[in-house]
Amino acid sequence: MAKTFLSFLLLFVVLVLAQVTIFNHIWLFGMAMPLVFIYFIISLPVTTPVNWTLTLGFLIGLSVDVFSNTAGLNALSCTILSGLRRPILRLYLPREEDMTNPIPSIRSTGAGSYTKYVLTMTMTYCLVYFTVDSAGFFNIGTMSVRILASTVLTFMMLLALAGIVSWNNSGSRK
């Protein structure tokens with residue numbers, strides 16, 4: 001239990017630092033920004049109570065907001081994402097008992113289910129983030145391109161991160 005807590009605390013800190021120091025400064029073609037810190041919300045154990053999931057989602061979003069000067073945009077988006085996390089996971093994995101491990105991963109849910117779960121979570125986050133950021137639908141074309149481009153970029157980076165974490169975890173068990 002303490003090992004899991006410490007590993008998630010470390011993941012929280014590393015993802016926030018990586019987001020604010022590296023990924024916030026990447027804007028591909030002025031349209032796509034990787035939002036890799038949402039991996040923390042995606043990888044929380046399924047057994048985490050909803051109130052803790054919402055609190056942790058808000059805290060990671062607020063942490064990124066503090067360092068990014070985005071005035072609560074990430075906190076709002078992460079809180080909404082945290083609230084939708086369990087229903088989205090149930091779309092692709094009807095029973096939590098089907099998982100071999102309570103932490104959603106490629107190994108515990110299967111590659112297909114995990115890929116759909118991560119894609120849906122990423123798209124949901126980007127949809128909320130860029131809709132609120134644009135303050136309406138004044139330039140729906142640009143907003144749509146940003147949502148789509150950031151979703152694709154973030155999705156690819158999250159799958160790579162999940163592969164690295166999965167590979168690292170499998171190597172440490174041997």
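**A guided tour from Ser-113**

Begin by selecting Ser-113, which is buried because its relative accessible area of 19% falls under the 20% cut-off. The model on the screen is a predicted one.

Next, colour helix α6, which spans residues 111-133 and contains Ser-113. Then display the side chain of Ser-113 together with the backbone of Tyr-92: the side chain reaches the backbone oxygen of Tyr-92 at 3.4 Å.

Now select Tyr-117. Beyond its neighbours within four places in sequence, Tyr-117 is in contact with Ile-41, Ile-42, Arg-85, Ile-88, Leu-89, Tyr-92 and Pro-104.

For the last stop, turn to the second largest pocket, whose volume is about 520 Å³. Its lining comprises 18 residues, and those closest to the centre of the pocket are Thr-4, Phe-5, Phe-8, Leu-44 and Leu-56. Colour α1 and α3, the elements that give two or more residues to this lining; α1 gives the most, with five residues. How do the residues of the lining divide into nonpolar, polar and charged? There are 14 nonpolar residues, four polar and no charged.

Notes: Residues numbered from 1 in each chain as written. Predicted model: local features only at pLDDT ≥ 70, side-chain atom pairs only at ≥ 80, totals over all residues. Heavy atoms only, no water. Helix = DSSP H or I, 4+ residues; strand = E, 2+ residues; numbered from the N terminus. Buried < 20%, exposed > 50% of the residue type's maximum accessible area, 1.4 Å probe, protein only. Polar contact = N/O pair within 3.5 Å; in protein donor to acceptor, adjacent residues only side chain to side chain. Contact = heavy atoms within 4.5 Å. 1 Å grid on protein atoms, 1.4 Å probe; cavity = no way out; pocket = protein on both sides within 12 Å on 5 of 7 lines; lining within 4 Å. Points joined across faces, edges and corners; volume = space filled by probe spheres on them. Nonpolar A, V, L, I, M, F, W, Y, C, P; charged D, E, K, R; others polar.
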